[in-house]
Amino acid sequence: MKVLSAAEVDAALTPARMVAALAAAFRVETTTPPRHLHTLPDPAGDATLLLMPAWDAEHLVVKVLTLHPGNAARGLATFQGGVLLSERATGLPLALVDAPRLTLWRTAGASALAARYLARPDTSRLLMVGAGALAPFMIRAHAAERPLREIAIWNRRPDPARALAASLAAEGLPARAVENLEAAARAADLICCATLSEVPLVRGAWLAPGTHLDLVGAFTPQMREADDAALQRASVYVDTPDALAKGGDVAVAVASGALAAEAVRGDLAGLCRGTVAGRSRPEEITVFKSVGAALEDLAAAVAVWRHAEGRAA
Ligand SMILES: NC(=O)C1=CN([C@@H]2O[C@H](COP(=O)(O)OP(=O)(O)OC[C@H]3O[C@@H](n4cnc5c(N)ncnc54)[C@H](OP(=O)(O)O)[C@@H]3O)[C@@H](O)[C@H]2O)C=CC1
């Protein structure tokens with residue numbers, strides 16, 4: 001069994017390769033049983049253990065991911081864990097892949113894939129809300145899908161936004177930090193949020209016709225990145241039906257009655273299979289809400305393992 005580190009994940013993947021693997025995975029039949037979430041009591045802040053299984057005809061994965069809020073003070077990353085990739089037919093373990101890194105790649109890839117169907121073809125101005133671990137992956141994934149003229153980065157604390165803008169500019173991307181969120185949101189074609197915010201950051205009233213809003217962060221009912229008005233003005237799509245019941249934003253709006261569950265147009269599998277229509281008009285506002293799916297981990301782990309084995313993707 002290969003043990004594949006974060007650096008080996010980076011060496012194996014490109015945004016285009018990741019999106020292609022996800023597009024293929026969403027088109028075939030996979031099984032994704034409900035994820036397990038367990039609380040691990042911890043004096044430094046309760047930790048969470050997440051178990052996410054999925055399989056298709058050839059492979060199976062179980063992602064084991066822990067979230068220890070106390071780890072920052074210990075000089076360790078908050079998220080730890082691995083994705084165990086095995087042969088479906090025999091159970092033979094093939095690889096143990098760095099789970100936090102794989103999660104960054106597949107989450108960004110899923111949003112970029114959704115934006116293929118939901119963003120305007122002439123989208124050229126991206127606003128990134130948040131400057132944490134996911135932000136550079138989200139920006140690179142969206143930038144690989146379309147030529148971006150402007151990349152604005154807003155963060156609750158301005159310094160991480162400035163640092164991220166500088167490092168992306170050094171890669172040749174047209175990135176700059178901004179401090180006025182409303183002005184930046186009004187000027188954007190594509191707004192991507194990846195934060196831990198508990199209050200709506202992006203207001204529906206700010207969205208220009210034709211905007212695509214990509215909501216990645218809120219994963220509990222206590223979390224929000226966009227207000228109800230943003231969801232009510234938009235054609236809303238989700239990564240998987242889980243997003244209707246779990247997480248913030250869409251699930252919260254559906255639970256409160258602010259958004260009818262039937263108003264949600266469909267999921268990423270439907271978009272990829274052509275059974276759900278994407279954007280239909282240039283002035284339509286669209287929302288994609290993701291909560292993550294084990295089938296994305298499966299697609300990403302297989303792509304990384306195949307690269308490490310020297311096999312074609
Ligand atoms: N949909 C999916 O499939 C996945 C979603 N996620 C989620 O995406 C989000 C971002 O992940 P990641 O980048 O790894 O996280 P990080 O911890 O690396 O970054 C968190 C970001 O959120 C900002 N933030 C924290 N608290 C607030 C707040 N109260 N208001 C506004 N901004 C805030 C931080 O700003 P500051 O620098 O000021 O602290 C920082 O920009 C998380 O919620 C994570 O759970 C992660 C993986 C998969």
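What share of the 313 residues in the protein chain is made up of buried residues? In this predicted model, buried residues account for 47% of the chain. The secondary structure comprises eleven helices and 14 strands, and the radius of gyration of the protein chain, 19 Å, is close to the 20 Å that the globule rule gives for 313 residues, so the chain is as compact as a globular protein of that length. Along the principal axes, the C-alpha atoms fill a box of roughly 55 × 45 × 40 Å. Of the contacts in the chain with a separation of 6 or more, 68% are between residues 24 or more positions apart.

The chain is divided into domain 1 (2-102 + 295-308) and domain 2 (120-292), the centres of which, taken over C-alpha atoms, are separated by 23 Å. Six residues of domain 1 are in contact with eight residues of domain 2. On the side of domain 1 that touches domain 2, helix 2 gives the most, with five residues, and the residues of this side divide into four nonpolar, no polar and two charged.

Helix 2 (residues 15-27) also packs with helix 3 (residues 99-118), at an angle of about 75° and with the axes 9 Å apart; because angles of 65 to 115 degrees count as roughly perpendicular, helix 2 is roughly perpendicular to helix 3. Pro-15, Met-18, Val-19, Leu-22 and Ala-23 of helix 2 make this contact with Trp-105, Arg-106, Gly-109, Ala-110, Ala-112 and Leu-113 of helix 3. Classified by residue type, the contact of helix 2 with helix 3 has nine nonpolar residues, one polar and one charged.

Terms used
Residues are numbered from 1 along each chain as its sequence is written. This is a predicted model: local features need pLDDT of at least 70, side-chain atom pairs count only at pLDDT 80 or more; totals for chains, interfaces and linings use all residues. Axes are lines fitted to C-alpha atoms, for helices over the stretch in contact, and angles run from 0 to 180 degrees between N-to-C directions. Helices (H or I, at least four residues) and strands (E, at least two) are DSSP runs, numbered from the N terminus. Angles under 35 degrees count as roughly parallel, over 145 as roughly antiparallel, 65 to 115 as roughly perpendicular and the rest as oblique. Two residues are in contact if their C-beta atoms, placed from the backbone, lie within 7 Å. Ala, Val, Leu, Ile, Met, Phe, Trp, Tyr, Cys and Pro count as nonpolar, Asp, Glu, Lys and Arg as charged, and the others, Gly among them, as polar. Domain bounds come from an automatic or database domain assignment. The radius of gyration is taken over C-alpha atoms; the globule rule is 2.2 Å times the number of residues to the power 0.38. A residue is buried if 20 or more other C-beta atoms lie within 10 Å of its own, exposed if 12 or fewer, and partly exposed in between; C-beta atoms are placed from the backbone.
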